[in-house]
Amino acid sequence: MLDTTERDVRRAYGDGKSHGERFRGQFGPVQGPARGPLDDLARLFTDLSVDRARGVDVSAKRVDDVRRAAVGARLGDWSGLSLGVVAALAAHFEDPLSQGWLPVMLAEHGRFTEAVEHLEEMPDAGAPGWPRAKLVTALWELGRYDEARELMCSLQARFDTVRESSVSVWDEGPVAAEYARLRAQVEPGSVPVFLHLPFSGGTSMISALKNVVPWGRMIEIQRRFGLLQLEVALERPLAGPGRPLLVHLHHPVPLELPGLPSGADLRYFTVLRDPVSQIRSGFYKRISAPGIVPTADHGRSADFAQHVEYTTSHGLTNMLARQIVMTHPEMRAAARAELSSRGVFRPIASEEDMFWFRSTAHLSDEVLLRWSRETLEERFTLVGTMRHLGASHLAAVASTGLPVADRIGHHGRSGQPATEGEADPVRERLRDANWVDQQLFEEYTARFERDHATLLGALDAEAEPGVVVQGAS
């Protein structure tokens, strides 16, 4: 009989999920909400291949439909089905668009040597500009720097989106020169970790990072399913040709990855935001985007003022600092104890269900501030600021050691209404309750403006032609 203690229930859920994934589809066709793009792709490709074997004339449209399904399902497809389908269409159906996608998808999967082998055979048709930028990364990682430069120049010449939004170490101008300088400071061999703090520009940043970092060379630890992904990441080889180029840490845990090469370490970067704006953004974005992990008052607080009352009275204060200190050495013992049971690797339902919330509840604001400063000083190579998100992003990509960056701009206010007319006492209460986050934001914004003055000046000059940038070369 199942013991219904909380830990055993969680273990049962985790076991059921793992067994369900292992045998998924083996007892009948997957139907309903569980059916996904890979299920549809498998059916389309099977029907196409069977008809081809029977001698049935296969139309170009059917080949096109299968290729589109494979390309649409390719990101995060660890099964390799989408890649195998495109390879078959390229080789056996002689589909030129599949031939154009094949090296790109190999690069995205992290199979750099094979991707480059197909590069010379890649026709002009196929993947558009930014997906092809993964091939620049592949060439760079293989040490073929001149070829990487030639390909990047070709992409910039052929694709407007690449030319207008890319920055590379080979470009001319003060922004590119500063990017190249920052990239040259990176210590080789370490693994960059993006600590993605919620509602602080991180979604814009990771979307742009994924334009240059192949998904197969990333470790994804997302918010809702991060513990399940962490369980997989702990068993992943971290050395050799498949080594990760980036860890996307959106679920804050004290990350320890066994198997790092000797001398290598995790180097973190993040972006801070004014806490009032950050919490306000979270409240309204959760309303407009139901898939975001909620707080426990979701659907209960009628307006932002009630949400502020909930957060300040239920311990959801200084949330950015509490997530930052999860990488502090003092948190490691508690994390090891928490994660020692397999049952803890599970999806989470709310912010309050996350380990950072429980494990930092006892910390005073003074300790929280001190540990946050220690963490940011000792473990982070870059602390950006939402006040200068575009510059923070370029500096962050440079810290990964990659030769190319896709620029970003901050898009919109996360569904927030205008603040005019909103009661000042609400904002002041929120600011007082989150004074540690406020202090960190102000301190590290000032530091970013000081340490990256040349980059900020170059970006300003780029926006206003004719402005002379002091110190830029």
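So, E114: at 30% relative accessibility it counts as partly exposed. Keep in mind that we're looking at a predicted model. E114 pairs up with R111 in a salt bridge, and the closest N and O atoms sit 2.8 Å apart. R111 is partly exposed too, at 34%.

R431 is partly exposed at 26%, while D274 comes out at 16%, so it counts as buried, the cut-off being under 20%.

Then there's R346, which meets D353 in a salt bridge at 3.5 Å, N to O.

Okay, on to a histidine. Where does H328 sit? In the loop between α15 and α16. Buried or exposed? H328 is buried, at 7% relative accessible area. Its side chain makes a polar contact with the side chain of E374, at 2.8 Å. Leaving out residues up to four places away in sequence, H328 touches W371, E374 and T375.

Last stop, helix α2, residues 37-53. Its 17 residues reach 24 Å from first C-alpha to last, close to the expected 24 Å. D39, L41, F45, L48 and D51 are buried there, and what covers the buried residues of α2 includes α3 and α4. Just after α2, G55 takes a positive phi, about 85°.

Methods:
Residues are numbered from 1 along each chain as its sequence is written. This is a predicted model: local features need pLDDT of at least 70, side-chain atom pairs count only at pLDDT 80 or more; totals for chains, interfaces and linings use all residues. Side-chain values use heavy atoms; hydrogens and water are left out. Helices (H or I, at least four residues) and strands (E, at least two) are DSSP runs, numbered from the N terminus. The expected span of a helix is 1.5 Å times one less than its number of residues. Buried means under 20% relative accessible area, exposed over 50%, partly exposed in between (1.4 Å probe, protein chains only). Contact means heavy atoms within 4.5 Å. A polar contact is a pair of N or O atoms within 3.5 Å; within protein, one must be able to donate a hydrogen and the other to accept it, and residues adjacent in sequence count only if both atoms are side-chain atoms. A salt bridge is a side-chain nitrogen of Lys or Arg within 4 Å of a carboxyl oxygen of Asp or Glu.
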